Number of protein chains: 2
Amino acid sequence: MALAYDGAIQRLIDAFNKLPGIGPKGAQRIAFYLLSADEQEAAALADAITEVKAKVRFCDICGNVCETSPCPICSDPRRDHTLICVVEEPKDVMSIERTREYRGMYHVLGGAINPMANVGPSDLHIAGLLERLKDDSVKEIILALDPNIEGEATTTYLSRLISPLGIKVTRLASGLPVGSDLEYADEITLGRALAGRREA
Amino acid sequence: MALAYDGAIQRLIDAFNKLPGIGPKGAQRIAFYLLSADEQEAAALADAITEVKAKVRFCDICGNVCETSPCPICSDPRRDHTLICVVEEPKDVMSIERTREYRGMYHVLGGAINPMANVGPSDLHIAGLLERLKDDSVKEIILALDPNIEGEATTTYLSRLISPLGIKVTRLASGLPVGSDLEYADEITLGRALAGRREA
């Protein structure tokens with residue numbers, strides 16, 4: 001009795017099932033979609049996967065993903081090189097760029113301190129960050145880590161490490177998300193919003 | 001300002017975003033997963049996509065996807081060749097096989113009659129089905145289409161087409177799903193369950 005698909009289809013379903021956020025039903029749906037898609041679309045996806053592994057590297061300065069090192073942001077003379085925003089992952093750079101509010105540099109740590117997952121400070125790109133602070137050109141470090149336990153631990157660690165160097169260290173404001181409802185805010189967020197209140 | 005990723009990454013995100021059930025955030029997550037995955041896993045996915053387009057074809061007899069035609073089910077002498085189960089899609093064959101209750105043949109229509117999407121009887125593999133009925137070896141046709149408007153229309157169409165040939169035409173039972181709650185059954189399903197009641 002055929003309880004699995006014929007070779008190639010099952011291999012494709014299995015390969016998609018390994019990706020984050022794709023379960024067995026989703027993988028099957030994608031496999032049949034690709035089966036009936038035209039040759040070009042399937043080839044474009046296969047090529048994009050191969051290309052990204054061949055071309056994409058990490059910027060030697062900021063650790064962001066890029067095709068040229070230094071990356072376009074690090075090598076942009078119009079941006080403010082005295083300001084460095086420290087983030088966990090390359091996708092966080094994109095989130096901050098989308099605000100169109102920030103014109104400084106970035107530094108991608110590659111994660112956050114997480115003892116449960118055996119990630120300590122030495123596993124993050126912290127040495128590279130300290131290296132960038134040596135020539136005294138940087139005036140402010142913005143710590144933009146995720147507002148969870150790991151992000152808080154990393155923020156505290158970096159703040160204690162960098163403040164003694166005489167560089168201003170700031171962090172993103174905590175508070176109520178825009179468009180949210182006071183009634184449904186959790187007490188920690190609401191507490192932070194109160195503590196961080198500003199003149200209206 | 002960099003509002004899109006550098007070339008290759010953005011192309012990979014775009015390619016994944018086109019697949020069914022994958023949105024922009026999911027595509028980004030998969031792209032970064034593949035970036036940090038080892039070479040073999042990424043290559044395996046790219047190869048599986050290319051392989052499926054190169055190898056997979058449709059069975060000349062039943063229309064199911066396969067790598068050899070006739071497919072393993074059509075060429076299996078231990079199965080009951082007097083019984084054909086008509087389904088909409090190749091994945092429906094797998095669903096029925098998983099019940100381990102069916103030992104007959106299949107016929108994959110490639111969809112259902114749907115005037116809203118301009119799919120008429122001539123767009124489905126109905127001619128091939130009639131061809132299979134010509135030598136009088138088939139005793140029963142089981143119509144196993146989806147229990148929705150399109151499936152019902154197709155069931156009615158095929159039933160009227162095949163019954164005059166003197167072949168027994170049956171359809172899957174409608175009723176309450178096993179493990180469900182009578183209270184939450186919709187009235188049409190409950191009506192069908194009543195109409196199709198059996199001696200206990």
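## A term to start with

A polar contact is a pair of N or O atoms within 3.5 Å; within protein, one must be able to donate a hydrogen and the other to accept it, and residues adjacent in sequence count only if both atoms are side-chain atoms. One example sits in chain B, where a polar atom of the B:Asp76 side chain lies 2.9 Å from the backbone nitrogen of B:Arg78. B:Asp76 is found in the loop between β2 (65–66) and β3 (80–87) of chain B; strands here are DSSP runs (E, at least two residues) and helices are runs of H or I of at least four, numbered from the N terminus.

## About the model

This is a predicted model, in which local features need pLDDT of at least 70 and side-chain atom pairs pLDDT 80 or more, while totals for chains, interfaces and linings use all residues. Residues are numbered from 1 along each chain, chains are lettered from A, and side-chain values use heavy atoms, without hydrogens and water.

## Where the chains meet

Chain A and chain B each bring 54 residues to the contact (heavy atoms within 4.5 Å). Together they bury about 5,200 Å², 69% of it on carbon and sulfur atoms; this is accessible area (1.4 Å probe) lost on being put together, summed over both parts.

Two salt bridges link the chains, each a side-chain nitrogen of Lys or Arg within 4 Å of a carboxyl oxygen of Asp or Glu. One of them joins A:Arg11 and B:Glu51 at 2.5 Å, N to O.

Notes: Buried area is the accessible area (1.4 Å probe) that two parts lose on being put together, summed over both.
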